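User: I'm new to reading protein models. Could you walk me through this one?

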Amino acid sequence: MNGYRDLRVALLGCGSVGAQTARLILEHGEELASRIGARLTLAGIAVRDVTAKRDVDLPQELFTTDAERLVQGADIVIELMGGIEPARTLIMQALQGGADVVTANKALIAAYGSELSDAAEQVGAQLSYEAAVAAAIPILRPLRESLAGDHITRVLGIVNGSTNYILDRMDRFGDSAEDAMRVASELGYLEADPTLDVEGYDAAQKATILASIAFHTEVPVAAVYREGISGITLTQIEAAKHAGFVIKLLAIAERITAADGVAGVSARVYPALIRRDHPLAAVYGGKNAVFVEAEAAGELMFYGAGAGGAETASAVLGDLVSAARRHVVGG
Ligand code: HSE
């Protein structure tokens with residue numbers, strides 16, 4: 001591997017996604033180096049407690065509590081801490097120092113994505129967050145790049161795995177809402193605060209990110225109409241089934257033209273009735289899917305795992321490799 005330039009990668013956070021990301025960097029390092037033309041060196045992993053037990057066995061010397069110092073020497077920073085602070089400040093510091101940043105932090109990007117993107121643009125750095133929406137499913141890059149020459153008219157997504165799991169259990173197995181929620185919780189699908197899932201906040205954050213990219217305009221999370229699934233009963237689900245429909249929590253973003261001719265974007269999250277012959281009706285369990293309608297491409301569907309340590313880490317690695325390639329091309 002001699003001859004490859006070293007790129008210092010700083011990892012912030014080592015929960016299930018962080019641990020899997022570190023594992024993939026370490027295990028796939030050699031193969032990635034030849035693919036990228038540069039070696040990804042995991043410079044350190046910033047955590048709150050260096051002695052905490054991790055999902056993956058990782059070299060102890062990588063761990064540090066000094067996130068700021070780690071960020072300072074990095075070419076690429078991966079933020080997987082979650083939450084707004086200190087993630088926002090650390091990402092800002094990284095970008096201002098010229099590092100590229102990869103994050104899976106949907107709450108942060110939904111609230112501060114445009115501020116952080118502006119900061120990245122000012123210094124010519126790259127901020128990428130494919131893992132923030134629908135985890136393993138490549139959806140942001142296809143919207144931004146593959147469909148860049150088309151005119152997207154509508155995006156419909158099942159972007160919250162836990163509520164999809166709950167509704168699916170009720171629909172297919174006749175579980176009560178309480179039983180379905182308990183199983184979803186046991187499987188680790190729910191956020192630490194399940195209200196974020198059940199009341200549609202998590203899906204609304206993802207809708208904001210999808211809408212902003214699909215329609216090239218800022219769609220604040222406060223502008224997303226939001227209704228969760230807490231009011232949905234088994235009786236309603238069975239009535240829908242009887243009529244040939246399934247209830248899914250959808251995030252919908254679409255171009256609209258108001259009566260006065262002014263064009264805009266409508267974004268909303270709510271439990272919607274879907275005809276059983278629509279492809280989104282067959283998205284079972286905790287899976288996610290995003291259905292895109294575009295003028296020239298027609299209908300497209302992106303399907304896969306919307307959560308999980310390794311699954312989310314796959315999307316993080318994709319962004320990492322993309323950032324690393326920029327260093328080689330520009331270096
Ligand atoms: N709680 C989220 C979900 C995790 O259920 O989809 C992935 O963002």
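Predicted model: local features only at pLDDT ≥ 70, side-chain atom pairs only at ≥ 80, totals over all residues.

User: How many bridges join β1 to β4, and what is the partner of L12?

Analyst: β1 and β4 run parallel, and four bridges join them. For L12, look across in β4: the bridge partner is E79.

User: Now α3. Which of its residues are buried, and what covers them?

Analyst: α3 spans residues 87–96, and its buried residues are A87, L90, I91, M92, A94 and L95. Residues three or four places apart on an α-helix point the same way, because there are 3.6 residues a turn. The cover over the buried residues of α3 includes β1 (5–12), α2 (67–72), β4 (76–79), β5 (100–103), α4 (106–123) and β6 (127–128).

User: How do α3 and α4 lie relative to each other?

Analyst: Their axes are 9 Å apart and meet at an angle of about 15 degrees. Angles under 35 degrees count as roughly parallel. So α3 and α4 are roughly parallel.

User: What classes of residue make up that contact of α3 with α4?

Analyst: From α3 you get A87, R88, I91, M92, L95 and Q96, while α4 brings L108, Y112, E115, L116, A119, A120 and V123. Sorted by class, they come to 10 nonpolar, one polar and two charged.

User: Are α6 and α7 parallel or oblique?

Analyst: α6 (residues 161–173) packs against α7 (residues 177–186) at about 135 degrees, with the axes 9 Å apart. Roughly antiparallel would need an angle over 145 degrees, and roughly perpendicular covers 65 to 115. That makes α6 and α7 oblique.

User: And which residues meet there, by class?

Analyst: Y165, I166, R169 and M170 of α6 meet A177, A180, M181, V183 and A184 of α7. By class, the contact of α6 with α7 has eight nonpolar, no polar and one charged.

Conventions:
Residues numbered from 1 in each chain as written. Heavy atoms only, no water. Buried < 20%, exposed > 50% of the residue type's maximum accessible area, 1.4 Å probe, protein only. Helix = DSSP H or I, 4+ residues; strand = E, 2+ residues; numbered from the N terminus. Contact = heavy atoms within 4.5 Å. Axes fitted to C-alpha atoms, helices over the stretch in contact; angles between N-to-C directions. Nonpolar A, V, L, I, M, F, W, Y, C, P; charged D, E, K, R; others polar. Pairing = 2+ DSSP bridges.
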